[in-house]
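Here's a quick briefing to read with the structure open beside you. Take a look around first, then work through the points below.

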Amino acid sequence: MNITRVGVDIAKSVFHVHGVDRHDQVHWQGKYSRETWLEALSKRVPTGAEIGMEACASSHHWARELQQRGYRVKLVAAQFVKPYVKSNKNDRVDAEAICEAMSRPSMRFVAVKTATQQDIQAAHRIREELVGQRTAKANQIRGLIGEYGLVAPTGVQRLRCALPRWLEDAENGLSDAFRALLAGLAEDLRYLDERIAILDERIARSVKDDPVAQRLLALRGIGPLTASALSGALGDGRAFRRGRDFAASLGLTPRQHSTGGRDRLLGISKRGDSYVRKLLVHGARAVLRHAAAKNDALSQWLNALAARKHINVAIVALANKTARVAWAVTRHETIYDPVLAAG
């Protein structure tokens, strides 16, 4: 038996495998528990074979385990596996579909993340969730205080300043019962602020120790938060053939609906990592806000674009350019050149 390619459908407890040889003849199909599937695979599949899995929960963990055992791992996005599912869907058919999908020469794969990259990604995800909770808490305070005839100011910072004044003002019409409730909401807001600040410090420390993030900090519109997120998304940049592929993976390139030789480009696709895309767009908006007072090549390009296009088009175009430059700086391990960036 000379199995060269195996598709694995991973789950919480039950794993299905589908192994074929170099002639695509099926030599192994099986169902194993979480504790035994790696041992079964090691006994049947020679080192150096290709192991494919869907890029889903725990896939990067298992990919690292397989790489340590000498296997070549390919992670396939779920939407690229679906077309190869034959007839009714079940775990055994999914494993066969993964095995088929990974054999396609034009298939695109997801880069295996290191434990460090996953640590950074986890910090960003937790921070993003806490920011959402803080926004929800601030909106709850605004809604409740409005029932007592008080208008909350715009912005979380101004709301923080207003809370002590409302609690101390005995003439604003707030009852003692609601003051106690409002004090609890203010404490919740302070707790969320502290959690976010701790994560910001953790991310900033990780950037100081990350050479990729340090190079990315030189780009316009990129601070520690965006540099850290980009470093985690890019890795060494080898997962993408060119900068446009990375920008496309973030949803910063136009959708197409072309037919009959007529090209029709629509708005940006908004696919992929919405978090990194949001950071790049916010950074581009900040750059555009100050571009009018600058005379460098990038600012001239951006001002000229904003003069003939809608401001949001210019912002997304700069975010797209930043993503491409970030890939080039990471992939080729070069220093950011503002003159080349304006080209």
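Helices and strands here are DSSP runs, numbered from the N terminus. Keep in mind that this is a predicted model.

- Rolling a probe the size of a water molecule over the atoms shows where empty space is left.
- The second largest pocket holds about 350 Å³ of space.
- There are 15 residues lining this pocket, and Leu252, Val313, Val316, Ala317 and Asn320 are the ones closest to its centre.
- Strand S8 (265-268), helix H12 (297-308) and helix H13 (311-331) each give two or more residues to the lining.
- Which element gives the most to that lining? It's H13, with 7 residues.
- Sorted by class, the lining of the second largest pocket comes to 9 nonpolar, 3 polar and 3 charged residues.

**The cavities**

- If you count cavities of 30 Å³ or more, you'll find 2 in the structure.
- The second largest cavity has about 30 Å³ of space.
- Around this cavity sit Arg220, Gly221, Ile222, Leu279, Leu280, Gly283, Ala284 and Thr322 as its lining.
- Helix H11 (residues 274-291) is the top giver to the lining of the second largest cavity, with 4 residues.
- By class, that lining has 4 nonpolar, 3 polar and 1 charged residues.

**Where H1 meets H2**

- Helix H1 (residues 37-44) and helix H2 (residues 59-68) have axes that come within 12 Å and cross at roughly 35 degrees.
- As for handedness, the crossing of H1 and H2 is right-handed.
- On the H1 side, Trp37, Leu38 and Leu41 make the contact, and on the H2 side it's Trp62, Glu65 and Leu66.

**Aromatic rings**

- A pair of aromatic rings is described by the distance of the centres and the angle of the planes.
- How many aromatic pairs does the structure hold? There are 6.
- Why does the pair of phenylalanine 15 and tryptophan 37 count as stacked? Their ring centres are 5.1 Å apart and their planes are at 10 degrees, and planes under 30 degrees apart count as stacked.
- Phenylalanine 15 belongs to strand S2 (residues 14-20) and tryptophan 37 to helix H1, so this pair ties together parts that are 22 residues apart in sequence.

Definitions and conventions:
Residues are numbered from 1 along each chain as its sequence is written. This is a predicted model: local features need pLDDT of at least 70, side-chain atom pairs count only at pLDDT 80 or more; totals for chains, interfaces and linings use all residues. Side-chain values use heavy atoms; hydrogens and water are left out. On a 1 Å grid over the protein atoms alone, a cavity is a set of points where a 1.4 Å probe fits but cannot get out, and a pocket is an open set with protein on both sides within 12 Å along at least five of seven lines; lining residues have an atom within 4 Å of a point. Grid points are joined across faces, edges and corners, and a volume is the space filled by probe spheres set on the points. Ala, Val, Leu, Ile, Met, Phe, Trp, Tyr, Cys and Pro count as nonpolar, Asp, Glu, Lys and Arg as charged, and the others, Gly among them, as polar. Axes are lines fitted to C-alpha atoms, for helices over the stretch in contact, and angles run from 0 to 180 degrees between N-to-C directions. A crossing is left-handed if the near helix is turned anticlockwise from the far one by less than a right angle, and right-handed if clockwise. Contact means heavy atoms within 4.5 Å. Rings of Phe, Tyr and Trp (its six-membered ring) pair if their centres lie within 6.5 Å; planes under 30 degrees apart count as stacked, over 60 as edge-to-face and the rest as tilted.
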